[in-house]
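Morning, everyone. Please have the sequence and the model open while I talk. I'll take the contact between the chains, then some charged pairs.

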Amino acid sequence: MNIIKFLDEFTTEKLQAPMSSRREMFGQLGNISKKAAMLAVPFGLATAGNKAQAQEVGDVPAIFNLALTLEYLEAEFYMKALESGVLSSNAKARAIYEQISQHEDAHVAFLKQALGSAAIDKPTFDFTAGGNFDPFMEDTSTSVDTAYTQLLILAQAFEDTGVRAYKGQAANLIGQGNLLTAALQIHSVEARHASEIRRLRGLEGWITRNITGIPDLGVQAANEGVALVYEGEQNTTQGGIDVTTLGSGNPFSLDASTQAYDEPMNGETASTIASLFIVS
Amino acid sequence: MGKKKSIDATAQSVARNRRNFLKVSGLALAGTGLLLASCDNDDDGMKQLGGVFDLGSGDTGVLNYAFALEQLEAAFYTNVLDGSYWAGANAEEKAILEDLYNHEVNHRDWFKAAIDAIVTNSSQRLPANLEFDFSSVDFSSRISVLQTAQALEDTGVGAYNGAGIYIKTPAYLTLAGKIVSVEARHAAAIRSLINGDSDFKAFAGDDIVTEDTGLDVAYTPAKVFENAGPFIKTPFTYSDPMGS
């Protein structure tokens, strides 16, 4: 399926509508591929018959294809970053990118295997976002410092988006057994990455309010994209409880109360952010 | 859960705990009063050992389980901020550990409030005053504090990841997700502080993120109690997380 078409479909309400039975789930899987549903069985859908499955489940292939889109983006980004030479004189940044690159490659392989023939093809990415950035120093007039700054900003935005996007889909995977656990295991790895990249940039590893920590990029679309990555992180109401009112002192300050909880992002927002870097 | 297994951590796994935990932190351990019972669902129906509190099943069980771990973390960082290492630490380490204290105290108090609101039967709410034993930690020692912090944060990540499948209510799974990623951010920061220039990949090292799958740890309650049990003095059980 064409990536843009997929992302468009992802933003429809269909995905948010839970399905109530195993039969209905497989009926909806047919929208993507019945065969894929069977291929996915070894990775957890086989548990669909047991008692825990009486509850509602989401559209697993669509959820995993959104995840795969983000992982494709990250995997190609880190691979190109390492190939670009921008990090060649920075042993610390290079080692960090190598470690993250290895994980993102593994996530792509894992999700492709889980999705089988339902897996979308890798999109064509443009990390210059239409010529606004040059993180890989493809233009000789770009300095290493500029490219390095952009490499770190993009990595931070991708990782913090990844954390939020997986979190936003977790509840749609209730009842999916190992698939849910795997999604959670990827989610926390993205959070480890995000923390390290943020700290490499001189920020804290956690997000305060909806502060981006990213300077004005001089391009409105890019600034809006960055704002979207962090919009909603200022939330202080958790499960109906305003955590700033739980007690007094520093642990309940606005800053600490927003740092202590990462916020989910819906599929539509994650798609919008990814689309900024997708050509076709 | 497993079949007809009843694990008494006090009797059976302290030696193993000691070995495993020493590997992680290089610290000596105190004894533990924690019991972990796993009962056969359709046989003896035993939910408690000797009247000890049982965390429960499903959403209630996970809320109590997480509350226990957040109480442990909050108590640990409270001790850290009272200790001489923190008082004399450099600005970066001081700030990070204070943030971790703030976050964990916030998490702890949120679970207290959430459990009071959600678990209608008050006898099923984990007490808010669990007792801990940190005699194995030297709060004047940088490495003792940081290695214990790493062990607790990594254990927290693995605990939440492993407990996701026990949660029945979507909103609670999202809430657990909001917290676990912050624990993972903590773990990465502490790992990078400990390893410094000697291992730039430690924030998500191959010892904690499986190399060929890129997956983080996901621990069973038994594994979590193996790691954290030595610090927990108040006994409790988690006999049937999934629920019958």
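One term before we start: a salt bridge here is a side-chain nitrogen of Lys or Arg within 4 Å of a carboxyl oxygen of Asp or Glu. Keep in mind, too, that this is a predicted model.

Asp262(A) and Arg185(B) form a salt bridge, and their closest N and O atoms are 2.8 Å apart. This pair crosses between chains. Asp262(A) sits in the loop between helix 9 and helix 10 (267-275) of chain A, while Arg185(B) sits in helix 6 of chain B. Is Asp262(A) buried or exposed? Its relative accessibility is 0%, so Asp262(A) counts as buried. Arg185(B) is buried as well, because its relative accessible area is 0%.

Stay with Arg185(B). Its side chain also meets that of Asp160(A) in a salt bridge, at 2.8 Å from N to O. Arg185(B) lies in helix 6 (residues 170-195) of chain B and Asp160(A) in helix 6 of chain A, so this pair joins two chains. Asp160(A) is buried, as is Arg185(B).

Now the wider interface. How many residues of chain A are in contact with chain B? The answer is 60, and they meet 61 residues of chain B. The area buried between the two chains is about 4,700 Å². Carbon and sulfur atoms give 60% of that area. Three residues lead on the chain A side: Arg192(A), Arg199(A) and Trp206(A) supply 17% of the area that chain A buries against chain B, more than any other three residues.

Next, the polar side of things. Between chain A and chain B there are 29 residue pairs in polar contact, both residues at pLDDT 80 or more. Which element gives the largest share of the side of chain A that touches chain B? Helix 7 of chain A does, with 17 residues. By class, that side of chain A has 28 nonpolar, 20 polar and 12 charged residues.

Zoom in on helix 7 of chain A. Ser195(A) is found there. With 0% relative accessibility, Ser195(A) counts as buried, because the cut-off for buried is under 20%. What does Ser195(A) touch, apart from neighbours within four places in sequence? It is in contact with Gly205(A), and across in the other chain with Arg185(B), Ala188(B) and Ala189(B).

Over all chains, the structure holds 21. Another one between the chains pairs Lys201(B) with Glu98(A), with the closest N and O atoms 3.1 Å apart.

Here is one inside chain A. Arg164(A) and Glu233(A) meet through their side chains in a salt bridge, at 3.4 Å from N to O. Arg164(A) lies in helix 6 of chain A and Glu233(A) in the loop between helix 8 (220-230) and strand 1, so the pair ties together parts that are 69 residues apart in sequence. Both residues are buried.

Last stop, helix 5 of chain B, residues 142-163. Its 22 residues should span 32 Å at 1.5 Å a residue, and the end C-alpha atoms are 31 Å apart, which agrees. Of those 22 residues, 19 are buried, so the helix is largely enclosed by the rest of the structure.

That's my tour. Questions, please.

Methods. Residues are numbered from 1 along each chain as its sequence is written. Chains are lettered from A and ligands numbered from 1 in the order in which they are written. This is a predicted model: local features need pLDDT of at least 70, side-chain atom pairs count only at pLDDT 80 or more; totals for chains, interfaces and linings use all residues. Side-chain values use heavy atoms; hydrogens and water are left out. Contact means heavy atoms within 4.5 Å. Buried area is the accessible area (1.4 Å probe) that two parts lose on being put together, summed over both. A polar contact is a pair of N or O atoms within 3.5 Å; within protein, one must be able to donate a hydrogen and the other to accept it, and residues adjacent in sequence count only if both atoms are side-chain atoms. Helices (H or I, at least four residues) and strands (E, at least two) are DSSP runs, numbered from the N terminus. Ala, Val, Leu, Ile, Met, Phe, Trp, Tyr, Cys and Pro count as nonpolar, Asp, Glu, Lys and Arg as charged, and the others, Gly among them, as polar. Buried means under 20% relative accessible area, exposed over 50%, partly exposed in between (1.4 Å probe, protein chains only). The expected span of a helix is 1.5 Å times one less than its number of residues.
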